[in-house]
Every structure is written in structure tokens, then in C-alpha cells.
Amino acid sequence: MGIRLDSVTVAYDGNVDTLALDSLDLTVEPGEVMALLGPSGSGKTTALRAVAGFVRPVSGRVLLGGRDVTDLPPYRRGIGMVVQSYALFPHLRVDENVAFGLRARKTARSEIRQRVAEALEMTGMAAYARRHPRELSGGQQQRVAIARALAIRPDVLLLDEPLSALDARLRSGMLAELARLHRELPDVSMLYVTHDQVEALTLADRIAVMDKARLQSCGTPRELYRSPADAFTASFVGGANLVPVTVGTGGVSFAGAELKVGTNGVAAGARATLCVRPHLVGLGQGPNQLAGVVREIQWRGATHRLYVEVDGHTVMADVRELKAPPVHGDPVTLHFMPDDAVLLPAEVSHG
Amino acid sequence: MLVHSRGARWAVWTVFAVLFLPLFALPLLVILGASLATHWSGVLPSGATVAHYRAATRGEALQALTTSLLTALGASLLALTVGTWAALAAAGLRKRYRSIMDALFVLPVAVPSVVVGLSVLVAFSQPPLLLNGTRWIVILAHTVLVTAFAHQSVSAAITRLDPAYEQAAASLGARPAHVLWRVRLPLLLPSLTAAAGLCFALSMGELSATMMLYPPDWTPLPVLVYAATDRGALFTGSAVAVVLMAATLLVLFAVSRVRTRASYR
Amino acid sequence: MAEAAERTRAVRGRSRPPGGSRTSNTAPRPFGALAWALPPIALLALFFLYPLALVVQQSFRPDSGGTSLRPYADVLASGAFRHALWTTVWLALASTAGCLLLGFLLALVIAFVPFPGAKGVARFIDVYLSFPSFLITLALLFLYGSTGIVGSFQFLTTPWGVLLAEVTYFTPFVMRPLLAAFSQLDTAQLEAACSLGARAPRIVRQVILPEALPALAAGGSLVLVLCLNEFGIVLFTGAKGVTTLPMLVYGKAILESDYPGACVVAVVNVLISVGLYALYRVVSRRAGA
């Protein structure tokens, strides 16, 4: 079942000046995993809660499987939801937690038993059915929360920062689990809210990037990463060097240097922003050279990150671990391949 | 944590003991001692006896104990029902209405119990509801007096309740009634039992409104304690007071056992 | 247009602050919610507000018949009433001040200079709250009364005896919220203050006291009201010398059967305690508590 948000606007306290969500248009195809990615306060959780029915839009419509559910209360929407805190009922055992949604729907007892077993099996929690939530670790609670949401066999699964309460090691394990679940349940659409670009890139079929209550861009992970359409998306998904340039013929000029990049027919003389991923910037001689001074150097094990000041702008470069890294204040030369750069409309806000 | 030197710590503890023991421990010890004695003219009571207790657990006193227990049980259950209902209903209201409702239900705390007694006496000594002279007027007054406390502690617990639980339940398809019955009330159970214990204890010790209302056949324990002291039988009064305290504590202990079993975190 | 207005209002009703906080939006719709609130309000109105209104009405109905301010004039003119009013107010204020001071000191020791058995003392405080107030006076009767251990001087029949009993009985009402507040206080704050070279008095003043203010305000307001309305403690002293407003209500209604007079005193008592309570809440809220 697909999800559609049709210019959904949400205002808190009835205050139209501070919108929590500004006419969001978004379609999640049946069986698709859509990640809502953005910093905190960007409106991504509000969008998810509008789908769940916990916030009521001032205007716009929410459709599930083509049916307008804007006026339906949450309990009539038939969605599964997993939140950051899991919200497992502390007074119920694991199996009772999983059975909760089925009991609420007055499902037949034998059916409940079978479906609870199935959901616990699927999340690998069958051995813990008789325990109480307080006797489980964070990762186990997470699995129970997912099993509880899956037991009602929802067509739509909403995940609100489901991994952010877990430590880094558990998180990558759970990420693989979620990917497996998605393969096992190919018909379930998932809306996955996160502020972590790695989760979004790993799991999502498409990513919707949000900032300041608005949708900034939406596309497959590859599209957003390889050819972002705006500066915010470029820097939030994967990190990027963004520098202001002037477009010339067959290239751009930056810091007195002529750089060869595709201009995509942008008129000569226009202002634009050049976007290059740090790991695509090389140290030493090469095409599209930039001369600068090292301002900071961070050793990250496999790589070194250099912060190089070029004509008052900081350019980041991630290079393979250096035997003899430059030190603070050393003059260095950077370069990048022409087709590794993307030219964005001029608006440098996140550099 | 706050005082690091050994000497200073002992000094602080000494001050604490000097303030705490005479003020709080001594009165209870005095009553306990007096209840077991016939004379008290020196430093310690003399003439050890359990005769007061024999008197305090039969006849008139036993009946008063039953009266008190029944009154407290009835009043606290009624108060818990009304107070919880009000607190739950208030939680669903908009902020402005909610604060009006909270203020209304706090009001009985601020109104003197004697005045509550007087007002109930004035209102229900006449038809259509003629309750004066019956036990119901005592139970009614106690309920009015303790409902405010029940409401306050339950509504504090509701505020602390994480809305994520009820939202999770709603997303799983549970209607509001199902959420209330299967999620919110079970989660509130520890606070509900605490509120019930508080109401019970308050009602057991209630004297002011009771003094204005009690009919001869429905004399609760505090009235009996007063009657004993008033006619100078301080030692008998002490024994009845100890029975009152013991009964209250026993019930509170039982309630707290329920509470321990009902708390999940 | 009307529909749009309706919508905005509905949205305001289910509002939540922006950002991460997840307040409830699953509440029933406003109409249903109001309907649910009606039964308890109706009960409160029938058994509390209506009787209270009758008391006010009766206070304007002298025994001689008709409606007049006569009962007020009579009561306000009597010296006994004015004396009782003054006694009630100063006793309540003094007791509250005493309870706040004593309760703060004792709670401070229990929470921050803990000794073996401090937990037991804290539990004892909880138990203490469940006993009726007149027990204290009963005990004081043995200690200071006419058959007294300490002495048979007439200490109990003076307001000072009542003050002592009230401070004793109501101090735990201040200590309980304070202990709860202290247990929430992050000890890292104290350690930080200590490592910065602050001594105990300064830490108490600058770190603990600000954190304790809401609890002090809550406990203080409750104690103030309870002291204004205390009846058992005064009744048990058996003293004619100390008469407070609740005693006067009881005396006029039950002993003298002067209902209009009792109602007048009751109205004044209610006005004072509700008024002082409201004032106290406003002031303590202003003070940032």
C-alpha cells in the first residue's frame, strides 16, 4: 500500500508563522523504503506523525493506498509504527506486547497465537516470549517493538529514528536486520525517519531530504549522492565541499584558478556553487589544481582529512593514510577530476 | 557529600538528632508508653498494664474501629473513582479548561474541613436528600475531603505518563477505551494504589468534619479518642490511638504490597 | 470560511510544542472530552459546591428571619471573633515559617549528609504523614499537660503549645516534597561546585536552595492552608485560651446552635484560606518557583 502526502501543512499551536511542515508533497510507492532524512527540527518526524495520525494537518491530505485518511484517528489507519523509545508496554510480557494490536482488533485466539509466534520468529525473539520488557537489552527491546508492529500485518510501517537509542555496533547489525525484513516483506511500504545519512543510504530505495519544514530534494541514494540538486542536500548527504565560483566558458573560475568542469549550459558570467566530495579531492599535482595552506589535519585511521584554506575558503580532502602527512601551515596543492564536480545554483549557506 | 570533615559531620548529625528525636520520635513513644501504663508522674510511665488494650479492642471501641475502617474504605474507594475519573477527563481537555477543572478539584483542600462538615450538615439536613443522622453523611463528608488528594496525586501521575505508550497502542489499532483499560490504567496502577493509601489514612484520622456530623451509632475512632481524653481518660485514649495507628499502618502496608507488585520499572 | 476557522481551532486544541517533545494527540475530540468531564464535575457541584453555596446563603439569614447583613455585623463586632481571626492567621504564618525552616534543615541532612539509617528516617517521615494530627497534642498532654512529665505549667493552653504541635505535625509535609526534589538533584552539580572551591553554606545557598524552591513553595502552601484549617490539634488542647476560626465554627454550630453565626465565620475562614493560598501560589510562581 502506498503513502501519499498531498501538500500537507502542519502548524503547532495554530500558529501559521511557525510551520512544522510546509506543504509537503511526497509519494511512497507500494513496497518502497523511503527515508526521511534531515537535521532535528526539519519536520521529518512531523511528517511521519501526520501519516500516523498523531498530528492533524492545517491543510492538505494524507492518503494510504489511495484512501483519504486525513480525518481518521490513528487507530483506524492500520499502520505499524516503531518509535525511538520503543514504547513497549512495561506491564505486559513480550508475547502480550506483540499480541496487543491483535487483541485490540479482536482477532481469534488461535490466530493470535500463531501470528505472535510468527512475528517473534521473524525478529529472532521467540526465546524471549515470556519475559517482561525490563528484562531485555536495548537491541532486544527494539526487535520486540518491530515484532509488535509487524504482528498486525500492516501494509505501511513507520519507523521513527528506530536505531538512535542503540550503540554503534548494534546499530549496524540492526540495519542489516531491517534490510532482511524488507526483503522478506516486499509488499510493506516503509517510511523511515532518521538524521543519520548512513542509515538512509544503506536502507532506502529513495531518500527525501528535509530542512526547515520543507522538502529539499527527493531521489534515489545514488542520485542524491552523485548529483545533488542543491547545496543543503549535497552537504547533508555524504558531506561536500561547496565553494562559490563564477561560470566561464567550458569551466569555472575560483580563487584565480580556471577549473574545468561541466557547466551544463549555464550562462557564462553567472554565479554558481561548485560541489566536490572530500574523498574525490586528491593531494598533489593533477587536473584542476588548487593551491592552499593546511589549517588542520585529522588522522582517521584509514584516511587523513585535510582542511586546506584556499583563498579564504576551506576545502576538505580525504586522502589515503599518509606516510608523511603535512603539518599545520604547510602549503599544499589539491586537485580533482572534472567529472567528479557538480555545479549547483548559487546559494552558499552550508559551506 | 556536602560536609567533608569528620567532626563537622558528627556535629551536623548531633543537631539533627537533637531536633528530630524530641519532635518526631518522642510523641509517638509517649503515646505508646502511656497506652501500656496506669500512671505517669515521673520521667517514665509506671504501672504496666494491658488493660487499656483490652478495653480498646472490644465493645464500643471495637465498633468504632469497624466504623472507621468501613468509612475509610468507602470514602477512599469513592474518592479514588471520582478523582481518577476527573484527572483522566481533565487530561483530555484543552489547557484552559484543564486548569479550571484542576482548580475546582483542589478547592476542597483549601476549604477548612470544619466548614466542609458544616456545609454538608446544612445541605443534607433537609429534603430532598436527608442524610443527617445517618452514617452516609459521614462517609460523604470524608469522600469530599479526600477526593482532592486522590485527584492531585493521580493527575500528577498522568502528567508523568509518557504519551508514547498510548500512541503506540493507538497505532496498533486500539480504540481510546481499549487504550485506557489496557494501557493507561495498568501503567497508573502504582499511583492509584498510592492515592488509595493516602485517602484511606486521611479518612482514618479525620476528626474535624466528623465531629460535626457523626450520628450516635456511627462513631469513628478519632471521636472516641477525643471523648476519652475529654473526660480525662488519657491512658485509655492513648490505647485507642495506638489501635488507630496500627490499623492504618496495616492497611497501608497491604496497599504497598499491591503497589510493589504493580510497579514495573 | 467557517470550516477553515473550525479547523484552526481543532489544530490549536491538539497542539504540541515544536521540536522533539511528544505530547498526547490521541485525546478524544473536544466535545467528547467535555462530556467525560461532566460526571465528576456534577458530583463535585452537588456534594461540595452546592453545600458551600448554602453556607454562604445561610450566613445572610439571621434567626430573626429575612435576608440581611445582621449576622455579619454581629460576628465582626464580637471581640471573640476578632481575637480568633488574629490567632488563626499568626499561628498559621508562624507555623508555616517554622515548618519550612525546620523541614529544609532536616531534609538537607537526610539527603546530603546521610548517616546509617537515613533511609529509614525518610520512610518514618512518610509513615508520620498518615497519622492524624491530634496524636501530637495527645502526646504533648502527657509531656506538658496538667499531669505533665516536664511540668504542669499551663504551656499547652497558650498559643505556643499549639504552635509547637503544628510545627511538629506539619514539618513532614514540607520534608517529603523536599526529599523528592533533592533525590532528583544531580550530585555532579554538588561535586562541580565543591571542586570549584565552594564551601557547604555557599553550595546550599547557590546550588541546593534554587533547586528546592518549587518544592518549598508547594510544601509551604499546603502547610499554610492546613494550619489555617487545623482543628484537631486545637480541640485536643482543651484550652479555652486558644480559639481559632475552625474552633469558632464548631463552637457556634454544635455547642451554641447558632447556625448563621457559624456560617459567617465559615465564610470568612474560607475566604482567608483560599485567598492566602492563591496569593501564596502567585507569589511563589513570581519568585520563579
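Q: How should I read UniProt positions for chain B, and where do they put the "transmembrane region" feature?
A: UniProt positions are given in the numbering used here, feature names are shortened, and annotations may be inferred rather than shown by experiment. The unreviewed UniProt entry places "transmembrane region" at residues 12-37, 69-91, 103-124, 136-158, 187-214 and 234-255 of chain B. Residues are numbered from 1 along each chain as its sequence is written, with chains lettered from A and ligands numbered from 1 in the order in which they are written. It's a predicted model, where local features need pLDDT of at least 70, side-chain atom pairs count only at pLDDT 80 or more, and totals for chains, interfaces and linings use all residues.

Q: What secondary structure do residues 69-91 of chain B have?
A: Helices are DSSP runs (H or I, at least four residues), and strands are too (E, at least two), numbered from the N terminus. Residues 69-91 of chain B are 100% helix and 0% strand, with end C-alpha atoms 32 Å apart. Residues 136-158 of chain B are also 100% helix and 0% strand, and there the end C-alpha atoms lie 31 Å apart.

Q: How many residues of chain B are in contact with chain C?
A: Two residues are in contact if their C-beta atoms, placed from the backbone, lie within 7 Å. Here 68 residues of chain B touch 69 residues of chain C. On the chain B side, helix α1 (residues 6-35) gives the largest share, 12 residues.

Q: Which classes make up that side of chain B?
A: Ala, Val, Leu, Ile, Met, Phe, Trp, Tyr, Cys and Pro count as nonpolar, Asp, Glu, Lys and Arg as charged, and the others, Gly among them, as polar. The side of chain B that touches chain C has 54 nonpolar, 10 polar and 4 charged residues.
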